[in-house]
There are 2 protein chains.
Amino acid sequence: MSSTPTTKERIVIASAELFRRQGYTGTGVKQIVAAAQAPFGSLYHHFPGGKEQLGEQVIRIAGGMYGELVSAVFDPAPDVVTGTEQVFTLAAQHLAESDYADACPIATIALEIASSSEPMRIATAEVFEGWLEKLASRFTAAGIDPATARTLALTTLSLLEGAFVLCRAARTTEALLAAGTQAAAAVRAALPEA
Amino acid sequence: MSSTPTTKERIVIASAELFRRQGYTGTGVKQIVAAAQAPFGSLYHHFPGGKEQLGEQVIRIAGGMYGELVSAVFDPAPDVVTGTEQVFTLAAQHLAESDYADACPIATIALEIASSSEPMRIATAEVFEGWLEKLASRFTAAGIDPATARTLALTTLSLLEGAFVLCRAARTTEALLAAGTQAAAAVRAALPEA
DNA sequence: ATCACACTAGATAGATCGCTCTAGCGGCAG
DNA sequence: CTGCCGCTAGAGCGATCTATCTAGTGTGAT
(Lines give C-alpha, C1' and ligand atoms only; values in the text may rest on other atoms or scores of the structure.)
Protein backbone atom coordinates (compact mmCIF):
# COMPACT_ATOMS: atom_id res chain seq x y z
CA MET A 1 0.00 0.00 0.00
CA SER A 2 2.24 2.77 1.28
CA SER A 3 5.83 3.10 0.18
CA THR A 4 6.94 3.27 3.80
CA PRO A 5 5.46 0.36 5.73
CA THR A 6 3.96 1.10 9.13
CA THR A 7 5.59 -0.06 12.32
CA LYS A 8 3.03 -2.82 12.67
CA GLU A 9 3.75 -4.04 9.16
CA ARG A 10 7.49 -3.97 9.75
CA ILE A 11 7.04 -6.04 12.91
CA VAL A 12 4.95 -8.63 11.09
CA ILE A 13 7.37 -8.84 8.16
CA ALA A 14 10.43 -9.15 10.39
CA SER A 15 8.72 -11.76 12.55
CA ALA A 16 7.70 -13.82 9.54
CA GLU A 17 11.27 -13.88 8.28
CA LEU A 18 12.75 -14.77 11.65
CA PHE A 19 10.12 -17.39 12.50
CA ARG A 20 10.61 -19.09 9.17
CA ARG A 21 14.37 -19.32 9.70
CA GLN A 22 14.68 -20.02 13.43
CA GLY A 23 11.21 -21.03 14.48
CA TYR A 24 8.85 -19.44 16.96
CA THR A 25 10.46 -20.35 20.27
CA GLY A 26 13.89 -19.68 18.84
CA THR A 27 13.07 -16.07 18.11
CA GLY A 28 12.95 -13.47 20.89
CA VAL A 29 10.75 -10.40 20.90
CA LYS A 30 13.85 -8.24 21.42
CA GLN A 31 15.29 -9.70 18.24
CA ILE A 32 12.05 -8.98 16.40
CA VAL A 33 11.84 -5.31 17.30
CA ALA A 34 15.54 -4.91 16.52
CA ALA A 35 15.09 -6.44 13.06
CA ALA A 36 11.94 -4.41 12.46
CA GLN A 37 13.66 -1.24 13.67
CA ALA A 38 10.65 -0.74 15.88
CA PRO A 39 10.44 0.43 19.47
CA PHE A 40 9.84 -2.29 21.99
CA GLY A 41 6.66 -0.77 23.34
CA SER A 42 5.03 -0.70 19.91
CA LEU A 43 4.94 -4.46 19.76
CA TYR A 44 2.74 -4.69 22.82
CA HIS A 45 0.66 -1.75 21.64
CA HIS A 46 -0.21 -3.45 18.36
CA PHE A 47 -0.31 -6.96 19.80
CA PRO A 48 -1.67 -6.76 23.34
CA GLY A 49 -1.82 -10.54 23.40
CA GLY A 50 1.96 -10.60 23.23
CA LYS A 51 4.13 -12.99 21.30
CA GLU A 52 1.42 -15.59 20.83
CA GLN A 53 -1.00 -13.13 19.22
CA LEU A 54 1.81 -11.87 17.00
CA GLY A 55 2.61 -15.45 16.03
CA GLU A 56 -0.99 -16.16 15.12
CA GLN A 57 -1.19 -13.06 12.91
CA VAL A 58 2.12 -13.84 11.26
CA ILE A 59 0.88 -17.34 10.44
CA ARG A 60 -2.28 -16.02 8.81
CA ILE A 61 -0.67 -13.12 6.96
CA ALA A 62 2.42 -14.99 5.77
CA GLY A 63 0.23 -17.96 4.91
CA GLY A 64 -2.08 -15.79 2.83
CA MET A 65 0.83 -14.18 1.01
CA TYR A 66 2.40 -17.55 0.22
CA GLY A 67 -0.92 -18.77 -1.16
CA GLU A 68 -1.04 -15.77 -3.47
CA LEU A 69 2.52 -16.45 -4.53
CA VAL A 70 1.67 -20.01 -5.49
CA SER A 71 -1.34 -18.76 -7.43
CA ALA A 72 0.93 -16.30 -9.23
CA VAL A 73 3.03 -19.26 -10.36
CA PHE A 74 0.05 -21.28 -11.52
CA ASP A 75 -1.71 -18.48 -13.38
CA PRO A 76 0.65 -17.96 -16.33
CA ALA A 77 1.33 -21.69 -16.72
CA PRO A 78 -0.14 -23.29 -19.86
CA ASP A 79 -1.76 -26.13 -17.89
CA VAL A 80 -2.05 -27.55 -14.35
CA VAL A 81 0.65 -30.14 -14.90
CA THR A 82 3.38 -27.68 -15.79
CA GLY A 83 2.00 -25.26 -13.20
CA THR A 84 2.41 -27.89 -10.51
CA GLU A 85 5.93 -28.70 -11.59
CA GLN A 86 6.90 -25.03 -11.68
CA VAL A 87 5.81 -24.49 -8.08
CA PHE A 88 8.41 -27.03 -7.04
CA THR A 89 11.08 -25.77 -9.43
CA LEU A 90 10.72 -22.16 -8.33
CA ALA A 91 10.56 -23.18 -4.67
CA ALA A 92 13.83 -25.05 -5.15
CA GLN A 93 15.42 -22.07 -6.84
CA HIS A 94 14.30 -19.65 -4.16
CA LEU A 95 15.42 -22.00 -1.40
CA ALA A 96 18.91 -22.33 -2.81
CA GLU A 97 19.21 -18.59 -3.41
CA SER A 98 18.29 -17.86 0.20
CA ASP A 99 21.05 -20.18 1.39
CA TYR A 100 18.46 -22.82 2.29
CA ALA A 101 16.63 -20.57 4.72
CA ASP A 102 13.37 -19.63 2.99
CA ALA A 103 11.21 -22.72 2.71
CA CYS A 104 7.61 -22.87 3.89
CA PRO A 105 6.82 -19.80 5.99
CA ILE A 106 4.76 -21.67 8.56
CA ALA A 107 5.94 -25.30 8.64
CA THR A 108 8.54 -24.74 11.33
CA ILE A 109 6.05 -22.94 13.57
CA ALA A 110 3.41 -25.56 12.84
CA LEU A 111 5.54 -28.41 14.13
CA GLU A 112 6.84 -26.50 17.13
CA ILE A 113 3.55 -25.33 18.57
CA ALA A 114 1.17 -28.09 17.41
CA SER A 115 1.07 -29.52 20.92
CA SER A 116 1.48 -26.37 22.99
CA SER A 117 -0.53 -23.46 21.57
CA GLU A 118 -4.05 -24.13 20.45
CA PRO A 119 -4.72 -20.71 18.85
CA MET A 120 -1.56 -20.91 16.79
CA ARG A 121 -2.18 -24.55 15.89
CA ILE A 122 -5.63 -23.65 14.60
CA ALA A 123 -4.12 -20.80 12.58
CA THR A 124 -1.67 -23.17 10.88
CA ALA A 125 -4.44 -25.68 10.23
CA GLU A 126 -6.64 -23.03 8.63
CA VAL A 127 -3.81 -21.75 6.44
CA PHE A 128 -3.04 -25.26 5.23
CA GLU A 129 -6.72 -25.90 4.60
CA GLY A 130 -6.92 -22.70 2.55
CA TRP A 131 -4.00 -23.83 0.42
CA LEU A 132 -5.58 -27.26 -0.03
CA GLU A 133 -8.82 -25.75 -1.25
CA LYS A 134 -7.01 -23.44 -3.64
CA LEU A 135 -5.05 -26.35 -5.05
CA ALA A 136 -8.08 -28.61 -5.29
CA SER A 137 -10.08 -25.98 -7.16
CA ARG A 138 -7.28 -25.72 -9.72
CA PHE A 139 -7.50 -29.46 -10.23
CA THR A 140 -11.29 -29.56 -10.52
CA ALA A 141 -11.11 -26.67 -12.98
CA ALA A 142 -8.96 -28.94 -15.14
CA GLY A 143 -11.68 -31.57 -15.19
CA ILE A 144 -10.66 -33.73 -12.23
CA ASP A 145 -13.47 -34.90 -10.00
CA PRO A 146 -13.63 -33.29 -6.53
CA ALA A 147 -12.69 -36.36 -4.48
CA THR A 148 -9.60 -37.04 -6.57
CA ALA A 149 -8.74 -33.35 -6.54
CA ARG A 150 -8.81 -33.31 -2.76
CA THR A 151 -6.49 -36.31 -2.54
CA LEU A 152 -4.22 -34.80 -5.15
CA ALA A 153 -4.06 -31.53 -3.24
CA LEU A 154 -3.15 -33.38 -0.05
CA THR A 155 -0.36 -35.35 -1.67
CA THR A 156 0.99 -32.36 -3.59
CA LEU A 157 1.19 -30.23 -0.47
CA SER A 158 2.66 -33.15 1.51
CA LEU A 159 5.31 -33.60 -1.15
CA LEU A 160 6.17 -29.91 -1.05
CA GLU A 161 6.34 -29.64 2.73
CA GLY A 162 8.27 -32.86 3.16
CA ALA A 163 10.73 -31.98 0.44
CA PHE A 164 11.33 -28.65 2.18
CA VAL A 165 12.35 -30.52 5.32
CA LEU A 166 14.78 -32.78 3.47
CA CYS A 167 16.22 -29.96 1.37
CA ARG A 168 16.89 -27.64 4.28
CA ALA A 169 18.62 -30.45 6.16
CA ALA A 170 20.72 -31.64 3.23
CA ARG A 171 21.28 -28.20 1.70
CA THR A 172 20.31 -29.67 -1.66
CA THR A 173 17.35 -29.20 -3.98
CA GLU A 174 17.30 -32.88 -4.91
CA ALA A 175 14.18 -33.76 -2.94
CA LEU A 176 12.19 -30.78 -4.23
CA LEU A 177 12.96 -31.63 -7.83
CA ALA A 178 12.07 -35.28 -7.37
CA ALA A 179 8.87 -34.29 -5.55
CA GLY A 180 7.95 -31.87 -8.31
CA THR A 181 8.31 -34.53 -10.96
CA GLN A 182 6.14 -36.95 -9.04
CA ALA A 183 3.51 -34.35 -8.20
CA ALA A 184 3.24 -33.34 -11.86
CA ALA A 185 3.01 -36.97 -12.92
CA ALA A 186 0.24 -37.63 -10.42
CA VAL A 187 -1.75 -34.65 -11.69
CA ARG A 188 -1.27 -35.76 -15.30
CA ALA A 189 -2.46 -39.26 -14.46
CA ALA A 190 -5.60 -37.89 -12.82
CA LEU A 191 -6.50 -35.73 -15.81
CA PRO A 192 -9.47 -36.95 -17.89
CA GLU A 193 -8.36 -38.23 -21.30
CA ALA A 194 -8.30 -35.42 -23.85
CA MET B 1 19.97 -54.09 27.28
CA SER B 2 19.35 -53.67 31.02
CA SER B 3 15.92 -53.71 32.54
CA THR B 4 16.67 -50.46 34.35
CA PRO B 5 17.98 -47.89 31.86
CA THR B 6 20.99 -45.86 32.88
CA THR B 7 20.78 -42.17 33.66
CA LYS B 8 22.32 -41.32 30.31
CA GLU B 9 19.75 -43.45 28.51
CA ARG B 10 16.91 -41.87 30.46
CA ILE B 11 18.16 -38.41 29.52
CA VAL B 12 18.34 -39.31 25.84
CA ILE B 13 14.90 -40.92 25.84
CA ALA B 14 13.27 -38.03 27.68
CA SER B 15 14.96 -35.50 25.40
CA ALA B 16 13.84 -37.32 22.29
CA GLU B 17 10.26 -37.31 23.46
CA LEU B 18 10.29 -33.64 24.44
CA PHE B 19 12.15 -32.46 21.34
CA ARG B 20 9.72 -34.29 19.10
CA ARG B 21 6.74 -32.65 20.77
CA GLN B 22 7.97 -29.12 21.52
CA GLY B 23 11.09 -28.77 19.44
CA TYR B 24 14.67 -28.15 20.47
CA THR B 25 14.56 -24.50 21.50
CA GLY B 26 11.20 -25.00 23.14
CA THR B 27 12.60 -27.56 25.56
CA GLY B 28 14.72 -26.51 28.52
CA VAL B 29 17.46 -28.59 30.10
CA LYS B 30 15.73 -28.28 33.47
CA GLN B 31 12.64 -29.80 31.91
CA ILE B 32 14.70 -32.62 30.45
CA VAL B 33 16.33 -33.69 33.71
CA ALA B 34 12.98 -33.43 35.47
CA ALA B 35 11.33 -35.71 32.89
CA ALA B 36 14.28 -38.11 32.96
CA GLN B 37 14.27 -38.12 36.77
CA ALA B 38 17.97 -37.42 36.52
CA PRO B 39 20.14 -35.06 38.54
CA PHE B 40 21.04 -31.86 36.80
CA GLY B 41 24.77 -32.41 37.05
CA SER B 42 24.56 -35.75 35.30
CA LEU B 43 23.51 -34.09 32.05
CA TYR B 44 26.73 -32.11 31.85
CA HIS B 45 28.75 -35.10 32.99
CA HIS B 46 27.50 -37.25 30.12
CA PHE B 47 27.23 -34.41 27.62
CA PRO B 48 30.08 -31.97 28.27
CA GLY B 49 29.13 -30.17 25.08
CA GLY B 50 25.85 -29.16 26.67
CA LYS B 51 22.45 -28.99 25.05
CA GLU B 52 23.80 -28.93 21.51
CA GLN B 53 25.78 -32.15 21.95
CA LEU B 54 22.76 -33.77 23.58
CA GLY B 55 20.63 -32.65 20.65
CA GLU B 56 23.03 -34.12 18.15
CA GLN B 57 23.09 -37.48 19.93
CA VAL B 58 19.33 -37.52 20.27
CA ILE B 59 18.99 -36.91 16.53
CA ARG B 60 21.29 -39.80 15.68
CA ILE B 61 19.92 -42.25 18.24
CA ALA B 62 16.23 -41.46 17.71
CA GLY B 63 16.84 -41.40 13.97
CA GLY B 64 18.45 -44.83 14.07
CA MET B 65 15.63 -46.26 16.16
CA TYR B 66 12.99 -44.87 13.83
CA GLY B 67 14.81 -46.40 10.86
CA GLU B 68 14.71 -49.78 12.57
CA LEU B 69 11.03 -49.31 13.29
CA VAL B 70 10.31 -48.67 9.63
CA SER B 71 12.32 -51.75 8.70
CA ALA B 72 10.29 -53.76 11.19
CA VAL B 73 7.15 -52.70 9.34
CA PHE B 74 8.56 -53.56 5.93
CA ASP B 75 9.99 -56.94 6.88
CA PRO B 76 6.82 -58.96 7.46
CA ALA B 77 5.00 -57.32 4.53
CA PRO B 78 4.34 -59.62 1.54
CA ASP B 79 5.79 -57.07 -0.94
CA VAL B 80 7.23 -53.54 -1.13
CA VAL B 81 3.96 -51.99 -2.23
CA THR B 82 1.96 -53.11 0.80
CA GLY B 83 5.00 -52.48 2.99
CA THR B 84 5.13 -48.89 1.83
CA GLU B 85 1.44 -48.40 2.42
CA GLN B 86 1.63 -49.93 5.89
CA VAL B 87 4.34 -47.52 6.97
CA PHE B 88 1.89 -44.68 6.39
CA THR B 89 -1.07 -46.51 7.88
CA LEU B 90 0.76 -47.40 11.08
CA ALA B 91 2.27 -43.93 11.32
CA ALA B 92 -1.23 -42.49 11.10
CA GLN B 93 -2.48 -44.86 13.76
CA HIS B 94 0.38 -44.10 16.13
CA LEU B 95 0.02 -40.35 15.54
CA ALA B 96 -3.67 -40.37 16.42
CA GLU B 97 -3.10 -42.56 19.47
CA SER B 98 -0.48 -40.17 20.81
CA ASP B 99 -2.94 -37.27 20.51
CA TYR B 100 -1.11 -36.02 17.43
CA ALA B 101 2.19 -35.59 19.21
CA ASP B 102 4.41 -38.43 17.97
CA ALA B 103 5.21 -37.82 14.34
CA CYS B 104 8.75 -37.79 12.93
CA PRO B 105 11.26 -37.74 15.79
CA ILE B 106 13.62 -35.29 14.11
CA ALA B 107 11.63 -33.16 11.64
CA THR B 108 10.82 -30.44 14.15
CA ILE B 109 14.45 -30.15 15.22
CA ALA B 110 15.61 -30.28 11.60
CA LEU B 111 13.57 -27.24 10.61
CA GLU B 112 14.39 -25.27 13.74
CA ILE B 113 18.15 -25.58 13.66
CA ALA B 114 18.84 -25.93 9.92
CA SER B 115 20.11 -22.36 9.77
CA SER B 116 21.61 -22.01 13.24
CA SER B 117 23.50 -25.15 14.31
CA GLU B 118 25.76 -26.78 11.78
CA PRO B 119 26.58 -29.93 13.84
CA MET B 120 22.92 -30.63 14.45
CA ARG B 121 21.98 -29.83 10.85
CA ILE B 122 24.56 -32.34 9.63
CA ALA B 123 23.19 -34.93 12.05
CA THR B 124 19.68 -34.52 10.66
CA ALA B 125 20.99 -34.67 7.09
CA GLU B 126 22.87 -37.88 7.80
CA VAL B 127 19.87 -39.50 9.46
CA PHE B 128 17.64 -38.60 6.51
CA GLU B 129 20.28 -39.89 4.10
CA GLY B 130 20.43 -43.17 6.02
CA TRP B 131 16.67 -43.57 5.74
CA LEU B 132 16.80 -42.78 2.03
CA GLU B 133 19.42 -45.46 1.43
CA LYS B 134 17.47 -48.00 3.43
CA LEU B 135 14.34 -47.23 1.46
CA ALA B 136 16.13 -47.23 -1.90
CA SER B 137 17.73 -50.62 -1.21
CA ARG B 138 14.27 -52.06 -0.51
CA PHE B 139 13.14 -50.78 -3.89
CA THR B 140 16.17 -52.06 -5.80
CA ALA B 141 15.74 -55.43 -4.09
CA ALA B 142 12.28 -55.53 -5.68
CA GLY B 143 13.82 -55.10 -9.12
CA ILE B 144 13.66 -51.32 -9.52
CA ASP B 145 16.71 -49.71 -11.08
CA PRO B 146 18.89 -47.64 -8.70
CA ALA B 147 18.16 -44.21 -10.19
CA THR B 148 14.39 -44.72 -10.01
CA ALA B 149 14.75 -46.23 -6.54
CA ARG B 150 16.55 -43.10 -5.34
CA THR B 151 13.83 -40.82 -6.70
CA LEU B 152 11.16 -43.06 -5.24
CA ALA B 153 12.84 -42.98 -1.83
CA LEU B 154 13.00 -39.19 -1.95
CA THR B 155 9.34 -38.81 -2.85
CA THR B 156 8.19 -41.43 -0.36
CA LEU B 157 10.05 -39.77 2.50
CA SER B 158 8.87 -36.34 1.38
CA LEU B 159 5.29 -37.56 1.36
CA LEU B 160 5.69 -38.99 4.86
CA GLU B 161 7.34 -35.91 6.35
CA GLY B 162 4.98 -33.47 4.68
CA ALA B 163 1.92 -35.44 5.68
CA PHE B 164 3.17 -35.41 9.28
CA VAL B 165 3.21 -31.61 9.18
CA LEU B 166 -0.33 -31.39 7.82
CA CYS B 167 -1.69 -34.05 10.16
CA ARG B 168 -0.26 -32.52 13.31
CA ALA B 169 -1.66 -29.13 12.35
CA ALA B 170 -5.12 -30.41 11.39
CA ARG B 171 -5.29 -33.15 14.03
CA THR B 172 -6.43 -35.53 11.31
CA THR B 173 -4.87 -38.54 9.61
CA GLU B 174 -6.33 -37.58 6.23
CA ALA B 175 -3.03 -36.42 4.70
CA LEU B 176 -1.08 -39.48 5.88
CA LEU B 177 -3.63 -41.86 4.38
CA ALA B 178 -3.70 -39.99 1.06
CA ALA B 179 0.10 -39.86 1.01
CA GLY B 180 0.32 -43.58 1.72
CA THR B 181 -1.97 -44.42 -1.15
CA GLN B 182 0.04 -42.30 -3.56
CA ALA B 183 3.39 -43.60 -2.31
CA ALA B 184 2.24 -47.19 -2.74
CA ALA B 185 0.91 -46.43 -6.21
CA ALA B 186 4.20 -44.84 -7.24
CA VAL B 187 6.15 -47.87 -6.06
CA ARG B 188 3.78 -50.21 -7.90
CA ALA B 189 4.15 -48.19 -11.09
CA ALA B 190 7.95 -48.39 -10.87
CA LEU B 191 7.96 -52.15 -10.44
CA PRO B 192 9.16 -54.17 -13.46
CA GLU B 193 6.33 -56.09 -15.10
CA ALA B 194 5.98 -59.53 -13.54
C1' DA C 1 -4.81 26.97 21.20
C1' DT C 2 -6.24 22.92 23.35
C1' DC C 3 -7.60 18.50 24.09
C1' DA C 4 -7.70 13.57 22.92
C1' DC C 5 -5.70 9.70 21.38
C1' DA C 6 -2.70 6.61 18.84
C1' DC C 7 1.73 5.55 18.91
C1' DT C 8 6.70 5.69 20.25
C1' DA C 9 10.27 4.84 23.57
C1' DG C 10 12.81 2.30 26.79
C1' DA C 11 13.65 1.21 31.70
C1' DT C 12 12.67 -2.51 34.48
C1' DA C 13 10.43 -6.48 36.80
C1' DG C 14 10.21 -11.37 37.52
C1' DA C 15 10.93 -15.66 35.66
C1' DT C 16 13.61 -18.83 33.14
C1' DC C 17 17.52 -19.83 30.18
C1' DG C 18 21.99 -22.74 29.60
C1' DC C 19 25.76 -23.70 32.20
C1' DT C 20 29.52 -24.05 36.01
C1' DC C 21 30.84 -25.11 40.32
C1' DT C 22 31.79 -27.71 44.56
C1' DA C 23 30.49 -31.36 47.56
C1' DG C 24 29.40 -35.94 48.44
C1' DC C 25 27.98 -40.77 47.40
C1' DG C 26 29.04 -45.58 46.25
C1' DG C 27 31.42 -49.44 44.21
C1' DC C 28 35.80 -51.46 43.22
C1' DA C 29 41.02 -52.21 43.30
C1' DG C 30 44.82 -52.63 46.20
C1' DC D 1 40.28 -50.52 55.48
C1' DT D 2 41.83 -47.06 52.33
C1' DG D 3 42.06 -44.46 48.15
C1' DC D 4 40.38 -43.68 43.71
C1' DC D 5 36.97 -42.31 40.42
C1' DG D 6 32.67 -42.33 37.80
C1' DC D 7 28.61 -40.47 38.81
C1' DT D 8 25.05 -38.06 41.50
C1' DA D 9 23.26 -33.93 43.47
C1' DG D 10 21.82 -29.27 43.44
C1' DA D 11 23.03 -24.40 44.66
C1' DG D 12 23.82 -20.52 42.15
C1' DC D 13 25.80 -17.38 38.20
C1' DG D 14 25.21 -14.26 34.43
C1' DA D 15 22.48 -13.80 30.58
C1' DT D 16 18.22 -13.64 28.35
C1' DC D 17 13.32 -14.35 28.16
C1' DT D 18 8.40 -12.19 27.92
C1' DA D 19 5.72 -8.70 29.57
C1' DT D 20 4.47 -4.41 32.15
C1' DC D 21 4.87 0.23 33.32
C1' DT D 22 5.33 5.17 32.94
C1' DA D 23 6.66 8.97 30.23
C1' DG D 24 6.95 11.42 26.07
C1' DT D 25 5.77 12.56 21.08
C1' DG D 26 3.13 13.67 17.08
C1' DT D 27 -1.29 14.54 14.73
C1' DG D 28 -6.03 15.74 13.91
C1' DA D 29 -10.45 17.60 15.64
C1' DT D 30 -12.66 21.32 17.68
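In this predicted model, helix H7 of chain A holds a series of buried residues, including Met120(A), Arg121(A), Ala123(A), Thr124(A), Val127(A) and Phe128(A). Further along H7(A), Trp131(A), Leu132(A), Leu135(A), Ala136(A), Arg138(A) and Phe139(A) are buried as well.

**Helix H7 of chain A**

- The cover over the buried residues of H7(A) includes, from chain A, H4, helix H5 (80-97), helix H6 (107-113), helix H8 (146-170) and helix H9 (174-190).
- Chain B also takes part in that cover, through its own helix H8 (146-170).
- After H7(A) comes Gly143(A), which has a positive phi near 100 degrees.

**Chain A as a whole**

- Chain A contains 9 helices and 0 strands, and its elements read α-α-α-α-α-α-α-α-α from the N terminus.
- A compact globule of 194 residues would have a radius of gyration near 16 Å, and the 18 Å of chain A agrees with this.
- The C-alpha trace of chain A extends over about 60 × 40 × 30 Å along its principal axes.
- Buried residues make up 49% of the 194 residues of chain A.
- When contacts in chain A between residues at least 6 apart in sequence are considered, 64% link residues at least 24 apart.

**Surface near DNA strand D**

- DNA strand D has 16 residues around it, of which Gly28(A), Gly50(A), Thr7(B), Gly41(B) and Ser42(B) come nearest.
- Two or more residues of this surface come from each of helix H2 (29-35), helix H3 (40-46) and helix H4 (50-74) in chain A, and from helix H3 (40-46) in chain B.
- H3(B) provides the largest share of the surface near DNA strand D, with 4 residues.
- The surface near DNA strand D is made up of 5 nonpolar, 8 polar and 3 charged residues.

**Surface near DNA strand C**

- DNA strand C is surrounded by 16 residues, and the closest are Thr7(A), Gly41(A), Ser42(A), Gly28(B) and Gly50(B).
- At least two residues of the surface near DNA strand C are supplied by each of H3 in chain A and helix H2 (29-36), H3 and helix H4 (50-74) in chain B.
- H3(A) contributes the most to the surface near DNA strand C, namely 4 residues.
- The surface near DNA strand C has 5 nonpolar, 8 polar and 3 charged residues.

Definitions and conventions:
Residues numbered from 1 in each chain as written. Chains lettered and ligands numbered in written order. Predicted model: local features only at pLDDT ≥ 70, side-chain atom pairs only at ≥ 80, totals over all residues. Near = placed C-beta within 6 Å. Nonpolar A, V, L, I, M, F, W, Y, C, P; charged D, E, K, R; others polar. Buried ≥ 20, exposed ≤ 12 C-beta atoms within 10 Å, placed from the backbone. Contact = placed C-beta atoms within 7 Å. Rg over C-alpha atoms; globule rule 2.2 N^0.38 Å.
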